[in-house]
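Hi,

Here is the structure I promised to pass on. Have a look at it first, then read my notes below.

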Amino acid sequence: MYNGVHAFFLKAMKKIFTYTLSTVGVLVVAAFAVPFFFKDTIQQQLNQAIAKQVKANVYYEDVSLSFFKNFPSLTVSLDNFGVVGKAPFAQDTLVQASAFDLALNLGSVLKGSPEIAHITLNKPKILAKVLKDGQANYDIMVEKDTTQTTETPTEAGMKMKVEHWQITDGQVVYRNLQDNSLVELLGINHEGSGDISSATFDLNTETVIEEANVFFQGQDYFKKRKLTLNSVIDVNQIDKTYSFAKTLVGVNDFTLNLDGKIAQIKDDFQIDLTFNTPESAFKNLISLIPSLYQNQFNDLDAKGEIAFDGKVKGLYSATTIPTFNFNLNVTQGAFQYPSLPSGVKDVNIALNVSNPTQQLENTQINLKRFDLMLGNNPVKADALIKGLKRSEVLANLVAKFDLQEIAALFPMDGLQLKGAFGIDLHSKGIYDSATHQFPVTKAQLLLNKGFIKSKEFPAPIENINVNATLLNTNGSLAATELKINQGSMMLEQETFTAQGVISNFENYAWDIVAKGKVDLTKITKIYPLENMTVKGKINADVHAKGKMADVLAKRYTSLSNNGTAQINDFEFVSKEYPQGVKITQANLTFTPNEIKVSDSKGFLGSSDFQATGSFSNYMGYAMSNDKLKGNIVVSSQNFNVNEWMTSQPQPAGQTPVMGVVEVPKNLAITMQAKAGQILYDKMKMQNATGTLNIADGTMKLQNTAFDALGGHFSTTGSYNTTDIVHPTFSFGLNLEKINLADAYQNLTVVKTLMPLAQYMVGEVSSQFKLDGELGQDMMPKLQTLNADGLVKLLKASLEQNPLVGKLVETTKLSQLKNLQLNDLLMQMQISNGIVSLKPFTIKWNDYNLTIQGKHGLEGSMDYKLGFDVPSGKAGQTFSSAFAQWTGKSLQNTPRVKFDLGMGGSLKMPTFKFSGSSTAQSLKDAVTSELNAQLGGAKAQATEQLGNLKQEAEAKLQAEKEKLLQNAQKEQEALQAKAKATADSLKKVAEDKAKKLVETQKNNLLNGLFKKAKPAKKDSTR
């Protein structure tokens, strides 16, 4: 029995194993096979979702599907994923990632309505950008029509139900040109989870940003800081509340524990947060000092305790802020690098920042204690500041430094410092610029025998001596004075000195004398400037004296600014101006009214220049942004305009992208310019001359002329940027004998107005007036163009033109291939983006072609073509085509006139027969012939009828004469007979005989004339 049970068990297990293995095999095969069945469907729905939701160009190399990346979800992977904006961001990539994974719920895929459950971005690079006009490249989502009903669950398409997301090694760069700000977040690793489709859920996030940089209006506010965030946030999407628990926020090694709640109330936020440091090590606090954190921070030996806590509670709105209270305490802090002989010690800090009200100006800063020893250099300070607008100040600072020892404590690679520096400041009172109050202050700043040396430049700046005092005796701005008793330095035996005083801080007055040589190249090597290169030598001898009241009142003659300056080998390059400015030499002479420039030579980028002239109102320009006026003469042998048509540097090898060049509103400059050669876009201009006026944000060209494209240009016009969002232009342009092919390649106006020029070889002349608006890419907005002018084709032919090819195919006139456009004058108008041509006639050989109509600047055409061609030269194929159009033969017709309508586009034209005067003439000729034939038949019938009538009359006359002759003969016979009987009857019978004769006579005549008339002949026979 045991053997039987054992055999049964083995047999059962074998079956179970076999079925299990088969099932697993089927599932594995399905895991590989199923994605292929759904790939096309998912890709189609993905593309539809992108097209429906995004106003941008989204690209990816390939789509792959897998069950194994996020089992049991189906993962859709987009390789080399990216999003590129549309105009004016067509050159900017908004998002780029090596991989973009979407994990879809398998059940939703089977139902045909995929739900996105997980999102993963690998190595994404995000560039967010805001232009000066406020346009943002990340504004790419299609606005939803709120009038339509929401999507029903049965509707097909991709749906969002994200529960998990992850970013690996990402980068985010945000640049705002409106406020000149830049935020860089590098090395982003982020992971989050939570059912965001639910009304309430827990949001779990872990974020590490290896490097964060914040720049605002040219200043570094946050540089190379490491940021971390780990949190669990209770999210209530109905009440719009966010509760923080187990939340840690870190900057470098300094960490805060955050607890509390934020509730959104319309556009405002109700905040109730508390925070504190979970760790008390002083080293964590000093990690906030960039120079220390970035220089062997792990080796830094630090001691001491810190305590930092605070709370924020109240409404944050457009008019109120929450109340807050922060406390920082440091006790016996100290730090030192092991390799240095001394460090910082005895650090004791007690700081409280608070505001019990809802107005920021009521903030109070209470620095009760700030003591430390920098090696053997003591620093002691305290300050109490109540209020930010009207500040009640009580402050003291006393410090003495041996700069050599300080440099040892805070090593700066390659930089040596020496000298004795001291500051002693005591201030008490009210600071309020509105009421012209300043605290009673006494401060002294001393630097003796200063020394700075950089490894980039072996020569040091030596003998730096500064003695300055700040003094206020009665608490008013007018009584405040900064006096520079001594300021001097020496660099390679060249001495520069400055001294003077700035007094009356209510109405600044100054009296400063500066004299000596300054080598900027050496200075910046000793003290490098980030993202900027400044070189050159300045030899100045200047005495400046004046009052701000005179500047504001524009009483510049009351200012005493006199002196001279010589500039040699000056060079300036920055991140904003990578082209660079070089002045090889320039002599400046200062007077209160103007600065005269003479013998100025140099380069703007790669473009050489020479300039002389003068500038007035320079003090108003420097002090109060008033208009700088000038009149200068500039010449150049080669000037490259392209280098200055964009404010953003481009990567090497890329074509510069044009951007709106703003004309400053505070300039009033007249420039007479002359250039041997100018390069603009791809066009080279020679022998350029003209006058340029810059004023009130507008640049005007007068009497400007140059040679280019094989001909001559002359123009007047203006470029207006007073509305930087909608810059405009207006130009009068004369072209003389310009090469058509080159003009099309180099001039946007030719491409826009004469698209047919791309197929032309020859020369053109033109007189044109053109105005419109420019886009942010400095290209004309076609729908705003208005123009009027004449275009003359001097000598041109068409080559490889699809329009002519289609025209030959339609008309069968092969001679059109040899169409010549000589001395052809066209009158052209543009209105609201429509180009209209008045009728003009092209004549070549014995052919005539009259053209009139219009075309849209976007490419559409609506023209009428009138042909007048010799029928013999046109050929039999044309005759056949004409017969098909009209149903008429061209036999015995020397010339043919017909019309065609031309539509479609230049590359895909359409033609339609619209009439022919020749066909009408042929119809009229047939009608005339028929009428002539009918008229001849009628005349012949009339002639035959006349002949028959004459014949009948002749016969009647003959019969009549014959009857008369017979009657006469009978009468004579009767008379003879009567006379014979009369002799016997005599007189009695005479009357009776006469009556009888008369009776006989009448009867005979009546019988003759009452005979029936002959019948008319049948004229139709």
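To start with a term: two strands pair if DSSP finds at least two bridges between them. Strands themselves are DSSP runs (E, at least two residues), numbered from the N terminus. Keep in mind that this is a predicted model, where local features need pLDDT of at least 70, side-chain atom pairs count only at pLDDT 80 or more, and totals for chains, interfaces and linings use all residues. Residues are numbered from 1 along each chain as its sequence is written, and side-chain values use heavy atoms, with hydrogens and water left out.

Now the strands. S30 (residues 607–616) and S31 (residues 628–640) run antiparallel and are joined by seven bridges; Phe 615 has Gly 630 in S31 as its bridge partner. S31 also pairs with S32 (residues 667–680), this time in the parallel sense, over 12 bridges. There, Val 633 stands opposite Gln 672 in S32.

Next, look at Thr 441, which sits in strand S21 (residues 440–454). Is Thr 441 buried or exposed? Thr 441 is buried, because its relative accessible area is 5% (buried means under 20%, exposed over 50%, partly exposed in between, with a 1.4 Å probe and protein chains only). Its side chain makes a polar contact of 2.9 Å with that of Ser 427 (a pair of N or O atoms within 3.5 Å, one able to donate a hydrogen and the other to accept it; residues adjacent in sequence count only if both atoms are side-chain atoms).

Finally, Leu 388 lies in the loop between strand S18 (377–386) and strand S19 (391–402). With a relative accessible area of 43%, Leu 388 is partly exposed.

Cheers

Terms used
Helices (H or I, at least four residues) and strands (E, at least two) are DSSP runs, numbered from the N terminus.
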